[in-house]
Amino acid sequence: MSSRRGPPKHQNSYAWKPNAGVKINEKEVGGKLRPYSEITGVCPRCREQIDWKRRYGKYKPLTEPAKCQLCTKRNVRQAYHNLCSGCAKEQKVCAKCRCHVDQIVGRDSADVEEEQKMLEEAIKNARERDRRTLLRAVSVQLRLLHCFQFFPPNCE
């Protein structure tokens, strides 16, 4: 360990980039055609940790489901999670650090499927004019969501 204190002696001339010289296959998980799944069921602190791993090339996705530490079933489908989504929701804890939190990041896949079914029912029963309005609103929301995923707004 060095005894030097204070700022670095020399400034880096360029920022470090993970996998700078490695060509990434677009069809692999994490490539452009198969992006990583959304981080869900964790507290904001754990989400930042997992997001950091993704940004700096340290993230390793699961190849097969992991075992839940509460129910001991192979239900854990996301990397770095210790509990399955059912146990985490039942206990009202973060699926990674198991701490009690009020705010859980992301939505569960069951909630997304239920919302999708409700939207399809509304589209099926609507008249043509309303149907097109709904579809246009959904596409705008998806574009905004996709945009904010890569360029989050400055929160002050």
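The second largest pocket is lined by V29, Y36, S37, R54, Y59, P61, L62, E64, P65, R77, Q78 and A79. The model is a predicted one. The chain is divided into domain 1, residues 22-106, and domain 2, residues 107-155.

**Domains**
- Domain 1 spans 22-106, and domain 2 spans 107-155.
- The centres of domain 1 and domain 2, taken over C-alpha atoms, are 24 Å apart.

**Second largest pocket**
- Its volume is about 190 Å³.
- Seven residues of the lining are nonpolar, two are polar and three are charged.

**Largest cavity**
- The count comes to one cavity of 30 Å³ or more.
- The largest cavity holds about 30 Å³ of space.
- Its lining consists of S37, E38, I39, I50, R54, Y59, Q78, A79 and H81.
- By class, four of these residues are nonpolar, three are polar and two are charged.

**Q78**
- Q78 sits in the loop between α1 and α2.
- A polar atom of the Q78 side chain lies 3.2 Å from the backbone oxygen of E38.
- The side chains of Q78 and H81 make a polar contact at 3.0 Å.
- Beyond its neighbours within four places in sequence, Q78 is in contact with S37, E38, I39, T40 and L62.

**L83**
- L83 is in the loop between α1 (44-55) and α2 (85-91).
- Q78 is found in the loop between α1 and α2 as well.
- Is L83 buried or exposed? L83 has a relative accessible area of 2%, so it is buried, the cut-off being under 20%.
- Not counting residues up to four places away in sequence, L83 touches C68, Q69, L70, V76, A88, V93, C94, A95 and R98.
- One of these, A88, falls within the range of α2 (85-91).
- L83 and C71 are 12 residues apart in sequence. In space, their C-alpha atoms are 8.4 Å apart.

Note on methods: Residues are numbered from 1 along each chain as its sequence is written. This is a predicted model: local features need pLDDT of at least 70, side-chain atom pairs count only at pLDDT 80 or more; totals for chains, interfaces and linings use all residues. Side-chain values use heavy atoms; hydrogens and water are left out. On a 1 Å grid over the protein atoms alone, a cavity is a set of points where a 1.4 Å probe fits but cannot get out, and a pocket is an open set with protein on both sides within 12 Å along at least five of seven lines; lining residues have an atom within 4 Å of a point. Grid points are joined across faces, edges and corners, and a volume is the space filled by probe spheres set on the points. Ala, Val, Leu, Ile, Met, Phe, Trp, Tyr, Cys and Pro count as nonpolar, Asp, Glu, Lys and Arg as charged, and the others, Gly among them, as polar. Helices (H or I, at least four residues) and strands (E, at least two) are DSSP runs, numbered from the N terminus. Buried means under 20% relative accessible area, exposed over 50%, partly exposed in between (1.4 Å probe, protein chains only). Contact means heavy atoms within 4.5 Å. Domain bounds come from an automatic or database domain assignment. A polar contact is a pair of N or O atoms within 3.5 Å; within protein, one must be able to donate a hydrogen and the other to accept it, and residues adjacent in sequence count only if both atoms are side-chain atoms.
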